[in-house]
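Open the model in your viewer and keep the selection tool ready. The tour goes from stop to stop by side chain.

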Amino acid sequence: KKLLQDTEFSYFDYLKISKALFYSVWMADGVEYQEALSEDIASWVDNVKNKWAWLQSFLETMRVNWDGIDKFRIDKYMYLTRLVLREALKHALEDPTQWSQILTQCLERSQAKGLAMSFHLADIYLEEMPDCQNEQKIQLCQPFLDLFTATRLNHVVNRVFEKVLCKLNPTESFEKYLFEKASSKKKMNENAREKLYELYSKIKGKNTPLKEETKETTPKKKKTPKKQEEVPPALETVMDTYYSKPKKVKKTKAEKQYDKLVASNNTLENTVPPVTPMKRKASPSKNTPTPQKRKVVFNLKNNRTQHFNKKESVADMEVPQVEKRTTPTKGLLKSKPAKKRKAHS
């Protein structure tokens, strides 16, 4: 705190300090210690020399790292942002233009990364607003009004409409602002335009046909038919020669004969149909059994042929059974011939 009070740091130095504080809150355990630490960090806004650079760096670090916070630690970071926002809005009454620039930058960048933080800021913004006049409140809420008209995301439009716009006390300047934004010709989300009309009709206390008036004042442009482009003659010749003519298919002799018969005889009686190509026999698969080859024998006596199957004949033959000998035979095995010895010289 003494360093922050005595020395004036740059924006990038404040970014490093806020990143270190982010991880100090990350590692903080215990409810009492977490609350004391977050209150101590929020009180730095009064002690810092360049408070706007400090607030900008704090919101930037929270926006960048908000999506990486898990469900177990999100509560302490939501409490920390609430306390810092409470202190920031007290100083925003002194210089609202500087605060609106910082907040608009944070909300615009949150559309790309850290969208959940913009939702949280919209939820707590009016709750932490100090007591002031309605015109000052509307002026401090200007960043959310700009976000409402500029964004293309419907869920952002619905959240800002419910939490910010509907809770503001309307004034004459605010009614004019709503009417001008709703009836403007600038590109806007259709859902946002409908919400502005709805809010303006509630403030007036009657259903005003504003949409019909704006439609009459801004008629739709008629769509003119596109002129057909002239095709150059060289391209037409190429298209006629290569693309327009169908390819000729050669006919078989049988088809030509059939065409001649049809031409000679107007009726199709006693005509030969075109020859269809023969289908190839399907090759036998591995599971299908292969037919067995049989030998044919001619018998002169009976004057007939007989099919001879080798496997069946061998299976039908009677094999003589040999008696098993209990004792081994002697003398059947011959002795091996003696090896010839080499003569020594």
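Select Lys-202 and Glu-198: both sit in helix 13 (residues 190–204), four residues apart, about one turn of the helix. Helices here are DSSP runs of H or I with at least four residues, numbered from the N terminus. The two side chains meet in a salt bridge of 3.6 Å, N to O. The term means a side-chain nitrogen of Lys or Arg within 4 Å of a carboxyl oxygen of Asp or Glu. Lys-202 is exposed at 57% relative accessibility, while Glu-198 is partly exposed at 33%. Exposed means over 50% relative accessible area, buried under 20%, and partly exposed in between (1.4 Å probe, protein chains only).

A note on the source: this is a predicted model, where local features need pLDDT of at least 70 and side-chain atom pairs count only at pLDDT 80 or more, while totals for chains, interfaces and linings use all residues. Residues are numbered from 1 along each chain as its sequence is written, and side-chain values use heavy atoms, with hydrogens and water left out.

Next, the whole structure. How many salt bridges does a search find? The count is 10.

Pick Glu-127 and Arg-82, whose side chains form a salt bridge of 3.2 Å, N to O. Glu-127 lies in the loop between helix 8 (115–124) and helix 9 (134–140), and Arg-82 lies in helix 6 (residues 74–92), so the pair ties together parts that are 45 residues apart in sequence. Arg-82 is partly exposed at 22% relative accessibility.

Move to Arg-159 and Asp-123. Their side chains meet in a salt bridge of 3.1 Å, N to O. This pair links distant parts of the chain, with Arg-159 in helix 11 and Asp-123 in helix 8, 36 residues apart. Arg-159 is partly exposed at 27%, and Asp-123 is partly exposed at 23%.

Now Thr-151. Is this residue buried or exposed? Thr-151 is buried, with a relative accessible area of 6%. Look for Thr-151 in the loop between helix 10 (142–150) and helix 11 (154–163). Its side chain makes a polar contact of 3.4 Å with the side chain of Gln-111. Such a contact is a pair of N or O atoms within 3.5 Å, one able to donate a hydrogen and the other to accept it.

Last stop: select Lys-250, Lys-253, Lys-256 and Lys-260, which form a positive surface patch. Patch residues have over 30% relative accessible area and no salt bridge, with like charges joined within 9 Å. Lys-256 belongs to helix 16 (residues 253–264) and is partly exposed at 48%.

Definitions and conventions:
Patches are made of residues with over 30% relative accessible area and no salt bridge: like charges are joined within 9 Å, nonpolar side chains (Val, Leu, Ile, Met, Phe, Trp, Tyr) within 5 Å. Accessible areas come from the Shrake-Rupley method with a 1.4 Å probe; for residues, only the protein chains shown count as cover. Lys and Arg count as positive and Asp and Glu as negative; His and the chain ends are not counted. The place of a charge is taken as NZ of Lys, CZ of Arg, CG of Asp or CD of Glu. Helices (H or I, at least four residues) and strands (E, at least two) are DSSP runs, numbered from the N terminus.
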